[in-house]
Amino acid sequence: MAKPKISTDWMCGCAGCHMSLLDMDERILQVLELADLRSSPITDLKEPDKSGVDVGVLEGGINNTANEEVARKFRQRSKILVALGDCAVFGGVPALRNFCGVQEALQRAYVDAESNEPGSQIPNDPELATMTKTRAIHEVVPVDYNVPGCPPDADIIFYVLSELAQGRKPELKNDLLHWD
Amino acid sequence: MTAQKITIEPVTRIEGHAKVTIHMNDAGSVDHAYLHVNEFRGFEKFCEGRLYFEMPSITPRICGICPVSHHLASAKANDMLTGQTPPHPANLLRELMHMGQIIQSHGMHFFELAGPDLLLGFDSDPATRNVVGLVSANPALTVKAVQLRKFGQEIIQTLAGRRIHPNFAVPGGVNKALQASERDGILKGVDAATQTIKVGLQIMKDWAEKNIEDINKFAVFPTGYFGMVTPSNGLELYNGNIRLIDRTGKELECFDPATYLDQIAEHVEPWSYLKFPYYKKLGYPEGVYRVGPLGRLNVADKIDTPMANEEHKIFKTLSGGRPVENTLHYHYARLIEALFAVERVQVLCEDKDILSTDILNTRKNWTGHGVGVLEAPRGTLIHDYHADENGKLTKVNLIVSTGHNNWAMSNAVDSVAKTYVHGPEVQEGMLNRVEAAIRAYDPCLSCSTHAIGQMPIQVEILAADGKLIRTLQRDSA
Amino acid sequence: MIQLTINGKQIEAAEGITVLAAAKKAGIEIPTLCAQKELTPFGGCRLCIVEVQGFRVPIAACTLPVSNGMVVNTETETLKNSRKFILSMLFSERNHFCPFCQVSGGDCDLQNAAYHEEMTYWPMQPGWNNYPVDSSHPYFILDNNRCILCRRCVRACGELVGNFTLAVAERGAASLIVADTNVPLGESTCIKCGTCVQSCPTGALIDRTSAYQGHEKAMTQIKSVCVGCSVGCSLNLIVHDNRIVRIEGDWDGAVNHGLLCEHGRYDPMQNTHDRITTPLMRKNDKLEPATWDEALGAVADKLKPLAGKEQAGLAAIASTRLPVETLAMFKELFGDGFKSGMVTSTEEGWPTAVLNKVAEKTGAFEGKLDVLRNADTVLCMGANIAKTHMVAGFLVKRALPKGMHLIQVSPKAGPLDEFADVTLNNKPGSDLALINGILAVIVKEGLGRNPLAMPDAETVIAEALQATGLEAEKLAQTARMLAHAVSPVILFGKGVTAQRDEKLVQALIKLATLIGAVDSERVGLLSLKGEANSVAAALFGLDKQFSLDGQQAIYVALGDDFASKSLVQSLEKAPYMVVQASYVSELTEKADIVLPVTLWSEQEGHYISLDGRVQKAELAVHAPEGVRANAAVLAEVAMRMNMPVKQDWQAEVHAKKSSVVLSK
């Protein structure tokens, strides 16, 4: 039987959840025994297999149209979709931008900041993505498992991945459940 | 033949979200290549109205690879804002945490992010040109690499109780003293960490010997160099003045980082969310400079720990005494810094005050404005806060490490594209080299735009009228 | 007793208690958020809902009284799902960012409730309205984004403290915790007691000083006693790495039930004065560091020749913030040993001397602070309980809306006047006449509980009105109010005792007896005293008025106290001064020898509260190197004088007759 395929990606987050994944240290070798790691920010494959993967893991919330596309693609191609970390599950710290709105944030960063050259303008090249409200993944696509934490411990990520890789349902409680 | 645009999207094995567009001219050579950094979150705005003492907890969420850098820079800004000068033992502990950060970040970058290119080759199969491939190719080395990162992360965990997004530094000091058994635990790991870094150095040197041609033509260009130094111009990563030297190595400035607005400004381009800092007196782009390992080792006259100092002496000979301009030597410089950090860990742990409980000064001398600066793994990190008399932030300015390197990265992309990419048949390995140019700077694009993101890669070769000629995918599965 | 069943278990419960309380007594924990001991149940968070057989819907256990035959279930599937739903509604209503909140990770009841229900997310996102954050208060922040409107702060501020600063403005989703008429907390009627912060179950109220200092589970909790005044509130000190991170009131404390005032909770956390960390000796008119040996040697050399000289010898003055052990030693050394004629305390007996003088004849006559907890009428004389001994004041203030009558007696207007039923601003010096007048009215109208002969009552009344300048109707109203009281208390302070008038105190005792404030069941008469060890100082006879009268040297045992301006002035004339103190101050700058000593938290010691409770303050943190304990310094000095002290304070405190009954 072929090893289950896992794909991961990060959206509007900080990469901390992926760093926490790496924090499982040597246990990563165990995970690579159990599962086939496909696309991921740390490999050179760029998106989940068109033929589908068993588990899709997304870190980060959604704050632009590009993130929306990633989320939709992952939902479409993953049998099981995992929202990893507070940004993915709740919106997280980047959701603080919802209080001031995109325009005000852009104005402060690119026009008003004290270190900016006088006359600076907000970038507007069509190559750049369009900003939206910052959202949790479940606001855009259905999620099968929410793994909160900022970031969730390596122990939690190891548990979740190894359970899913072995066809079981992870249950998060006690030491495996924290929102900070 | 009509002009083409090649798009590389996303750039992988970096932190953050970048996209490269390569504009080809009629003759089939590269006209210009652009590095678009494509994400934005807005910390500088949404932190307005928050309390200053929340910032060491909020700003680490800018980046999960270097949260400690933000945490400490934020605490330093708060020290100045409240006038609470930390006692000496607190500074020792903060620097110890910072060294843990440097070790884990540099270690991870060399072995796991950039390593596959060096160890497996720029042109090797993209399906295995990553850390998973390294596991098969050299399991023993991969384990060592994992353990090196673990050593750094465990220092952070010992001090703060967790590895990522710590709660440790507070205005005026830190919140937890170090126990003797914890200190001993850290010291036990020093030797193995040193050995692993030396293995890395040897790998780098061997590779450099075999690839000297690439080293000398891959994104080699002059810039200024910018980094923190000790009072005698030794390498310094936690606290000191900033030194800026020009392309010949001559000192242009040596200034108190709190006065950074007098020295540098940021230029904005419409095609990237990442701004371009530069030295005001020379203007943009004349005044661009590089930060991070290459920048810092060029700026420093020496390193105050012995093993790293020996390597630094060799490093200084690479360009006959002039500043080293080769982008690929970032990897070498990065390892020398990691060695310095491990040696520093030993020095700090052996300091007689490292176990002291005199770790917090609560006496305030309110100023309402604080600038906290240190050398994050990727370069000089600046946090600048203004608060009202009740402690609510009214203005926040952040210039984040990788940002200073923006012009250099763009230029590296441009230079490598022009050197290695020749149309119309574009090989995958050529494109990987363009990405490798970016990777050498170990960019933290989340940090630098205070944002992050990714998109699936697809290389589209378009005719000038936008008609799709060919598509190259790197994700075929 | 009521018989009911909870989760299949047969339980007996007292009539009138709630299902929540009954369950808890039986060892069954029902989750709550808005419930808090001693606060009127609010039933607002709905987390404690239970299923009761025969009831149409689940019902909050905190507001449901037990009844016979009730069958209750607390852990059904429906309830578990309901709790998850309730919690997710709470999270969705406001903006909860766990990642960077100071209480996240163990100190947040809301988060812990979510973990208990094994919640991994909330299904509805908030509306992203930015609720106000009030940062105007010097000690804490109010962040409305984290508030669950449990109203524990509002209830605590009103029901426990009696200050009623906090309230809820608007209704429904627009409800907001506000101060007064929605003014910034820093500009409100808040008295900075911090009870609201201690009550808050989330991160809505954040203590500034302890923010991000770490989680409680990683710290040590040390029970101790506040030495801010003579009330003797019980403390729960949260300590880590040899520093006090936060001071809290001990909810189980016998005296204060968790309450503290600004002086107990926040003053000790301020870092406004420099510590003295090495002995200092004056050389060439400058204070220079010296070794302990040098300094103590110099003290002995200078003071020894003065032993035995009652006049022109040594004067000694001790702070009443010092522990009993130290005061006993101080008295033994300088009083008994040196036989100095001027051995006293910084309080000079103003709050206490007259009381013990009276007790010599009558025996103990004061009661316990607890009498205020169910008093229906309080006569408060010569004391401003809104400013000093504030926790005692809370017990009075909070009872006023429930109908307690307050008679406020003072020569000047005061902050509680607007809440008092009767305010008597009698002329200075007329207190005795006033009390006699009240006695006379009661006797004349035949309202006394016990017989009291007063044939000249009419004359006494007339004299009283003359001396006090008060109106007849007011005097009568006061007398009747006291006489009709079911559980009256007479409370008096330094305004009375500083007159050093035994007759006045005796008159108060007489009044207390006449109105039934004192009987076999209770003693509704007590005085507030002054500082932490006012009582002990008085028991050791350290209650003389201080004056320098030709003494050649003075020893000041200041501890972590500060000398008043008048004391500093009088000590200016001292030819030679030795001071043992913790902080640099005006006084230490004028001393000849300065000996650095421990703070209240750096030493263990006993304190006798205003109502005779002998309580122990524990050593919570270790002093900086070079600093010595107060008692140890005196012991050394004593030894070098060849006057070793045996210090048997337990025996010493019982040597004199006291106005309060000493108890543990």
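## Reading the model

Trainee: Which residues of helix α3 (residues 109-116) of chain C are buried?

Mentor: A helix here is a DSSP run of H or I with at least four residues, and a strand is a run of E with at least two, both numbered from the N terminus. A residue is buried if 20 or more other C-beta atoms, placed from the backbone, lie within 10 Å of its own, exposed if 12 or fewer do, and partly exposed in between. In α3(C), the residues that reach the buried class are D109(C), L110(C), Q111(C), A113(C) and A114(C).

Trainee: What kind of model are we reading?

Mentor: Residues are numbered from 1 along each chain as its sequence is written, while chains are lettered from A and ligands numbered from 1 in the order in which they are written. Local features need pLDDT of at least 70, side-chain atom pairs count only at pLDDT 80 or more, and totals for chains, interfaces and linings use all residues, for this is a predicted model.

Trainee: Which helix do the buried residues of α3(C) pack against?

Mentor: Packing is judged by contact, and two residues are in contact if their C-beta atoms, placed from the backbone, lie within 7 Å. Just after α3(C), E118(C) has a positive phi of about 60°. The partner of the buried residues of α3(C) is α2 (77-93) of chain C.

Trainee: Why does G92(A) count as buried?

Mentor: G92(A) sits in the loop between α4 (86-90) and α5 (97-100) of chain A. Beyond its neighbours within four places in sequence, G92(A) has contacts that include G13(A), C150(A) and, from another chain, P99(C). G92(A) counts as buried because its C-beta neighbours inside 10 Å number 27.

Trainee: Is the crossing of α9(C) and α15(C) left-handed or right-handed?

Mentor: The axes of α9 (residues 353-362) and α15 (residues 502-514) of chain C come within 9 Å and cross at roughly 60°. Among the residues making the contact are V354(C) and V358(C) of α9(C) and V505(C) and I509(C) of α15(C). A crossing is left-handed if the near helix is turned anticlockwise from the far one by less than a right angle, and right-handed if clockwise. For this pair, the crossing is right-handed.

Trainee: Which element gives the largest share of the side of chain B that touches chain A?

Mentor: Between these chains, 60 residues of chain B are in contact with 65 residues of chain A. The chain B side divides into 29 nonpolar, 15 polar and 16 charged residues, where Ala, Val, Leu, Ile, Met, Phe, Trp, Tyr, Cys and Pro count as nonpolar, Asp, Glu, Lys and Arg as charged, and the others, Gly among them, as polar. Elements giving two or more residues include β2 (18-24) and α6 (139-160) of chain B. The largest share, five residues, comes from α6(B).

Trainee: What distance separates the centres of domain 1 and domain 2 of chain B?

Mentor: Domain bounds come from an automatic or database domain assignment, which for chain B gives domain 1 (5-41 + 411-472) and domain 2 (87-169 + 176-362). In contact are 27 residues of domain 1 of chain B and 22 residues of domain 2 of chain B. Taken over C-alpha atoms, the distance between the two centres is 26 Å.

Methods. Axes fitted to C-alpha atoms, helices over the stretch in contact; angles between N-to-C directions.
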